Amino acid sequence: MELKNSLYQITGKETNGTAVSYDLQLDASHVIYQAHFPGEPITPGVCIIQMAKELLEDHTGTAYEISGVKNVKFLAVISPVQSPRIRYILDKITVAEDTKESKVQVQVKDISTDTQFAKISIICKQK
């Protein structure tokens, strides 16, 4: 299930050296938030990881599936009400041509307060 253009919209993209930053707007009315959790919506961890994969696809122009999650640290909850604008920073993107795998380190932050929500390292395989 693709979350781009439903759970979130990309509102900005900036490349800085080896890193690329995506500014996102979360949709607090999305059905996922109605279930997780009614009256106190928070972004599920699986969605935070899926969004990272989708942004890697957007950046590289390549379709991927997640083949591994090396490291995940959820440091604070992402509420689409309290923090509707978030930033994903993708860095240390590597592509192994022989295995068709890409690795990326991701940070997720609040745009307004710079609060860090998550640190993620994922491995994706080209489809």
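This is a predicted model: local features need pLDDT of at least 70, side-chain atom pairs count only at pLDDT 80 or more; totals for chains, interfaces and linings use all residues.

Reply: Start with isoleucine 10, which stands opposite leucine 24 in β2. Residues are numbered from 1 along each chain as its sequence is written, and side-chain values use heavy atoms, with hydrogens and water left out.

β1 and β2 make a hairpin with two residues between them, and glycine 17 in the turn has a positive phi of about 65 degrees. β2 is mostly covered, with six of its eight residues buried (buried is under 20% relative accessible area, exposed is over 50%, partly exposed is in between, with a 1.4 Å probe and protein chains only). On to the next partner: β2 pairs antiparallel with β4 over six bridges, and there tyrosine 22 stands opposite tyrosine 88.

Zoom out and you get an open sheet of six strands, ordered β1-β2-β4-β5-β6-β3, with antiparallel pairing. The edges are β1 (8-16) and β3 (64-74); each has a single partner strand, so one side of each is left without a neighbour in the sheet. From one strand to the next, the twist averages 25 degrees. Helix α2 (residues 45-60) packs on this sheet, touching β1, β2 (19-26), β3, β4 (85-96), β5 and β6, and its direction makes about 125 degrees with that of β3 (contact means heavy atoms within 4.5 Å; axes are lines fitted to C-alpha atoms, for helices over the stretch in contact, and angles run from 0 to 180 degrees between N-to-C directions).

Methionine 51 reaches Leu3, Leu7, Tyr8, Leu24, Leu26, Ile86 and Tyr88, leaving aside neighbours within four places in sequence. Note Leu24 in that list, the residue facing isoleucine 10. Then there's alanine 52, which is in α2 and is buried, at a relative accessible area of 0%. Again leaving aside neighbours within four places, alanine 52 is in contact with Tyr88, Leu90, Val106 and Ile122. C-alpha to C-alpha, alanine 52 is 9.5 Å from serine 121, although 69 residues separate the two in sequence. Alanine 52 is also 9.3 Å from glutamine 105 by the C-alpha atoms, with the two 53 residues apart along the chain.

Glutamine 105 takes us along to β5. β5 (residues 101-110) runs antiparallel to β6 (residues 116-126), joined by nine bridges, and glutamine 107 has lysine 119 as its bridge partner in β6. Glutamine 105 itself is partly exposed, at 39% relative accessible area. Not counting residues up to four places away, glutamine 105 touches Ile89, Leu90, Asp91, Lys92, Ile120 and Ser121.

Glutamine 105 is also among the lining of the largest pocket, along with Asn71, Lys73, Ile89, Asp91, Val106, Gln107, Lys119, Ile120 and Ser121. The volume of that pocket is about 160 Å³ (on a 1 Å grid over the protein atoms alone, a pocket is an open set of points where a 1.4 Å probe fits, with protein on both sides within 12 Å along at least five of seven lines, and lining residues have an atom within 4 Å of a point; points are joined across faces, edges and corners, and the volume is the space filled by probe spheres set on them). β3, β4, β5 and β6 each supply at least two residues of the lining.

Two loops deserve a glance before you leave. Lysine 100 lies between β4 and β5 and has a positive phi of about 65 degrees although it is not a glycine. Aspartate 114, in the loop between β5 and β6, has a positive phi near 65 degrees, and aspartate 114 is not a glycine either.

Note on methods: Two strands pair if DSSP finds at least two bridges between them. Helices (H or I, at least four residues) and strands (E, at least two) are DSSP runs, numbered from the N terminus.
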